[in-house]
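Work through the exercises below with the sequence and the model at hand. Each task is followed by its solution.

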Amino acid sequence: MFGIENLMLFIISGLLLNMTPGADVLYILSRSASNGFKGGAVAALGIGAGCGVHVIGATVGISALIASSATLFTVVKWLGGAYLVFIGFKMIFSRQKNLQKDSVAAETSLKNIFWQGFMTNALNPKVAIFFIAFLPQFISASSDNYPMAMLTLGIIFNINGTLWNLIVAWTASAIASQLNHSGIIKPWLNRFVGSLFLYFGLSLAITAR
(Lines give C-alpha, C1' and ligand atoms only; values in the text may rest on other atoms or scores of the structure.)
Protein backbone atom coordinates (compact mmCIF):
# COMPACT_ATOMS: atom_id res chain seq x y z
CA MET A 1 0.00 0.00 0.00
CA PHE A 2 1.39 3.40 -1.10
CA GLY A 3 4.66 1.64 -1.95
CA ILE A 4 5.42 0.58 1.64
CA GLU A 5 7.88 -2.31 1.84
CA ASN A 6 8.95 -4.68 4.66
CA LEU A 7 6.19 -3.49 6.98
CA MET A 8 6.82 -6.16 9.62
CA LEU A 9 10.53 -5.30 9.71
CA PHE A 10 9.56 -1.65 10.12
CA ILE A 11 7.26 -2.45 13.05
CA ILE A 12 9.90 -4.57 14.80
CA SER A 13 12.62 -1.96 14.22
CA GLY A 14 10.33 0.80 15.46
CA LEU A 15 9.49 -1.08 18.64
CA LEU A 16 13.17 -1.70 19.37
CA LEU A 17 13.91 1.98 18.85
CA ASN A 18 11.03 2.98 21.13
CA MET A 19 12.42 0.72 23.84
CA THR A 20 15.69 2.65 23.85
CA PRO A 21 15.79 4.91 26.95
CA GLY A 22 15.77 8.64 26.27
CA ALA A 23 14.29 11.90 27.54
CA ASP A 24 10.76 10.75 26.68
CA VAL A 25 11.05 7.51 28.64
CA LEU A 26 12.62 9.33 31.60
CA TYR A 27 9.78 11.81 31.65
CA ILE A 28 7.20 9.01 31.69
CA LEU A 29 9.08 7.20 34.45
CA SER A 30 9.26 10.30 36.64
CA ARG A 31 5.58 11.16 36.17
CA SER A 32 4.53 7.57 36.78
CA ALA A 33 6.49 7.52 40.04
CA SER A 34 5.21 10.92 41.19
CA ASN A 35 1.63 10.89 39.88
CA GLY A 36 0.83 7.20 39.45
CA PHE A 37 -0.32 5.47 36.29
CA LYS A 38 -2.68 8.30 35.36
CA GLY A 39 0.19 10.79 35.33
CA GLY A 40 2.45 8.44 33.39
CA ALA A 41 -0.29 7.69 30.87
CA VAL A 42 -1.00 11.38 30.32
CA ALA A 43 2.74 11.96 29.84
CA ALA A 44 2.82 9.15 27.26
CA LEU A 45 -0.13 10.66 25.40
CA GLY A 46 1.51 14.09 25.42
CA ILE A 47 4.69 12.61 23.98
CA GLY A 48 2.61 10.80 21.36
CA ALA A 49 0.96 14.08 20.41
CA GLY A 50 4.38 15.72 20.10
CA CYS A 51 5.56 12.85 17.95
CA GLY A 52 2.50 13.44 15.76
CA VAL A 53 3.86 16.91 14.99
CA HIS A 54 7.02 15.30 13.57
CA VAL A 55 4.96 12.78 11.58
CA ILE A 56 3.04 15.60 9.92
CA GLY A 57 6.24 17.60 9.48
CA ALA A 58 7.94 14.69 7.72
CA THR A 59 4.88 14.17 5.51
CA VAL A 60 4.59 17.76 4.30
CA GLY A 61 8.34 18.42 4.13
CA ILE A 62 8.79 20.72 7.13
CA SER A 63 11.20 18.31 8.81
CA ALA A 64 13.37 18.23 5.69
CA LEU A 65 13.41 22.04 5.72
CA ILE A 66 14.57 22.08 9.35
CA ALA A 67 17.26 19.51 8.58
CA SER A 68 18.55 21.52 5.60
CA SER A 69 18.46 24.96 7.23
CA ALA A 70 21.19 25.71 9.75
CA THR A 71 19.20 28.64 11.16
CA LEU A 72 15.95 26.72 11.66
CA PHE A 73 17.76 23.73 13.13
CA THR A 74 19.65 25.96 15.57
CA VAL A 75 16.51 27.81 16.68
CA VAL A 76 14.54 24.60 17.26
CA LYS A 77 17.39 22.82 19.08
CA TRP A 78 17.94 25.82 21.38
CA LEU A 79 14.23 26.00 22.17
CA GLY A 80 14.14 22.26 22.81
CA GLY A 81 17.30 22.31 24.89
CA ALA A 82 16.10 25.28 26.95
CA TYR A 83 12.78 23.55 27.62
CA LEU A 84 14.47 20.35 28.79
CA VAL A 85 16.73 22.37 31.08
CA PHE A 86 13.65 24.20 32.43
CA ILE A 87 11.92 20.89 33.23
CA GLY A 88 15.14 19.62 34.80
CA PHE A 89 15.42 22.57 37.17
CA LYS A 90 11.72 22.33 37.97
CA MET A 91 12.09 18.67 38.95
CA ILE A 92 15.23 19.21 40.99
CA PHE A 93 13.82 22.07 43.05
CA SER A 94 10.21 20.90 43.27
CA ARG A 95 8.83 20.14 46.70
CA GLN A 96 6.55 17.31 47.65
CA LYS A 97 2.98 18.42 47.05
CA ASN A 98 0.17 17.76 49.42
CA LEU A 99 -1.57 14.56 48.37
CA GLN A 100 -5.02 16.03 49.04
CA LYS A 101 -5.86 18.17 46.01
CA ASP A 102 -9.19 19.38 44.77
CA SER A 103 -10.41 18.25 41.35
CA VAL A 104 -9.53 21.52 39.59
CA ALA A 105 -5.92 21.41 40.77
CA ALA A 106 -5.64 17.76 39.76
CA GLU A 107 -6.92 18.50 36.25
CA THR A 108 -4.48 21.40 35.92
CA SER A 109 -1.64 19.15 37.00
CA LEU A 110 -2.55 16.56 34.36
CA LYS A 111 -2.78 19.30 31.74
CA ASN A 112 0.72 20.45 32.66
CA ILE A 113 2.01 16.89 32.45
CA PHE A 114 0.49 16.48 28.99
CA TRP A 115 1.91 19.72 27.62
CA GLN A 116 5.33 19.12 29.12
CA GLY A 117 5.42 15.72 27.41
CA PHE A 118 4.21 17.31 24.17
CA MET A 119 6.83 20.06 24.19
CA THR A 120 9.62 17.67 25.21
CA ASN A 121 9.10 15.71 21.98
CA ALA A 122 7.84 18.39 19.60
CA LEU A 123 10.82 20.72 20.21
CA ASN A 124 13.43 18.03 19.57
CA PRO A 125 14.83 18.49 16.02
CA LYS A 126 16.64 15.15 16.27
CA VAL A 127 13.25 13.42 16.22
CA ALA A 128 12.33 15.31 13.05
CA ILE A 129 15.57 14.24 11.39
CA PHE A 130 15.04 10.67 12.57
CA PHE A 131 11.73 10.43 10.73
CA ILE A 132 13.04 11.73 7.42
CA ALA A 133 16.02 9.35 7.67
CA PHE A 134 14.23 6.23 8.94
CA LEU A 135 10.83 6.13 7.23
CA PRO A 136 12.00 6.40 3.59
CA GLN A 137 13.98 3.19 3.97
CA PHE A 138 10.66 1.33 3.95
CA ILE A 139 9.13 3.12 0.98
CA SER A 140 9.68 2.02 -2.61
CA ALA A 141 11.52 4.51 -4.80
CA SER A 142 8.76 4.05 -7.38
CA SER A 143 5.95 4.87 -4.93
CA ASP A 144 3.14 6.84 -6.55
CA ASN A 145 2.04 8.37 -3.24
CA TYR A 146 5.15 9.06 -1.19
CA PRO A 147 3.50 11.51 1.28
CA MET A 148 0.76 9.01 2.18
CA ALA A 149 3.39 6.30 2.67
CA MET A 150 5.31 8.60 5.05
CA LEU A 151 2.12 9.47 6.92
CA THR A 152 1.05 5.82 7.24
CA LEU A 153 4.44 4.67 8.54
CA GLY A 154 4.63 7.62 10.91
CA ILE A 155 1.21 6.86 12.38
CA ILE A 156 2.10 3.18 12.82
CA PHE A 157 5.37 4.11 14.53
CA ASN A 158 3.63 6.62 16.81
CA ILE A 159 0.82 4.25 17.82
CA ASN A 160 3.26 1.44 18.63
CA GLY A 161 5.48 3.86 20.54
CA THR A 162 2.54 5.21 22.55
CA LEU A 163 1.38 1.69 23.44
CA TRP A 164 4.88 0.83 24.62
CA ASN A 165 5.07 4.05 26.66
CA LEU A 166 1.75 3.20 28.33
CA ILE A 167 3.22 -0.17 29.33
CA VAL A 168 6.25 1.66 30.74
CA ALA A 169 3.94 4.00 32.67
CA TRP A 170 1.95 1.12 34.15
CA THR A 171 5.08 -0.84 35.12
CA ALA A 172 6.83 2.18 36.64
CA SER A 173 3.76 3.23 38.64
CA ALA A 174 3.30 -0.32 39.96
CA ILE A 175 6.92 -0.55 41.09
CA ALA A 176 6.90 2.96 42.57
CA SER A 177 3.75 2.25 44.58
CA GLN A 178 5.50 -0.69 46.21
CA LEU A 179 8.74 1.15 46.96
CA ASN A 180 7.50 4.56 47.95
CA HIS A 181 5.26 3.97 50.96
CA SER A 182 7.43 6.26 53.05
CA GLY A 183 7.45 9.05 50.46
CA ILE A 184 11.25 9.27 50.56
CA ILE A 185 11.95 8.00 47.04
CA LYS A 186 9.90 10.53 45.05
CA PRO A 187 11.96 13.66 45.87
CA TRP A 188 15.25 11.91 45.13
CA LEU A 189 13.85 10.39 41.94
CA ASN A 190 12.76 13.83 40.79
CA ARG A 191 16.23 15.21 41.49
CA PHE A 192 17.91 12.34 39.65
CA VAL A 193 15.62 12.57 36.60
CA GLY A 194 15.86 16.36 36.69
CA SER A 195 19.65 16.11 36.51
CA LEU A 196 19.34 13.81 33.50
CA PHE A 197 17.00 16.32 31.85
CA LEU A 198 19.63 19.01 32.37
CA TYR A 199 22.13 16.73 30.65
CA PHE A 200 19.77 15.99 27.73
CA GLY A 201 18.91 19.67 27.37
CA LEU A 202 22.53 20.82 27.29
CA SER A 203 23.45 17.96 24.94
CA LEU A 204 20.66 18.94 22.56
CA ALA A 205 21.66 22.62 22.68
CA ILE A 206 25.23 21.84 21.55
CA THR A 207 24.24 19.20 18.97
CA ALA A 208 25.73 19.86 15.56
CA ARG A 209 23.40 19.89 12.57
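**Exercise 1: Phenylalanine rings**

Phe130 has a relative accessible area of 24%, so Phe130 is partly exposed (buried is under 20%, exposed over 50%, partly exposed in between, with a 1.4 Å probe and protein chains only). The model is predicted: local features need pLDDT of at least 70, side-chain atom pairs count only at pLDDT 80 or more, and totals for chains, interfaces and linings use all residues. Residues are numbered from 1 along each chain as its sequence is written, and side-chain values use heavy atoms, with hydrogens and water left out.

Task: classify the pair of Phe130 and Phe134, then follow Phe134 to Phe10.

Step 1. The ring centres of Phe130 and Phe134 are 5.1 Å apart and the planes are at 15 degrees, so this pair is stacked. Rings of Phe, Tyr and Trp (its six-membered ring) pair if their centres lie within 6.5 Å; planes under 30 degrees apart are stacked, over 60 edge-to-face, the rest tilted.

Step 2. Both residues, Phe130 and Phe134, lie in helix H6, four residues apart, about one turn of the helix. Helices (H or I, at least four residues) and strands (E, at least two) are DSSP runs, numbered from the N terminus.

Step 3. Phe134 has 10% relative accessibility and therefore counts as buried.

Step 4. A search of the whole structure gives ten aromatic pairs. One of them joins Phe10 and Phe134, stacked at 5.5 Å centre to centre with 25 degrees between the planes. This pair links distant parts of the chain, 124 residues apart: Phe10 is in helix H1 (residues 7-18) and Phe134 in helix H6 (residues 125-134).

Step 5. Ring pairs join Phe10, Phe130, Phe131, Phe134, Phe138 and Phe157 into a cluster.

**Exercise 2: Helix packing**

Task: describe how H2 and H7 pack.

Step 1. Two packed helices are described by the angle between their axes and the distance between the axes.

Step 2. For H2 and H7 the angle is about 175 degrees and the axes are 8 Å apart. Axes are lines fitted to C-alpha atoms, for helices over the stretch in contact, and angles run from 0 to 180 degrees between N-to-C directions.

Step 3. H2 is therefore roughly antiparallel to H7 (under 35 degrees is roughly parallel, over 145 roughly antiparallel, 65 to 115 roughly perpendicular, the rest oblique).

Step 4. The residues of this contact between H2 and H7 divide into 22 nonpolar, eleven polar and no charged. Ala, Val, Leu, Ile, Met, Phe, Trp, Tyr, Cys and Pro count as nonpolar, Asp, Glu, Lys and Arg as charged, and the others, Gly among them, as polar.
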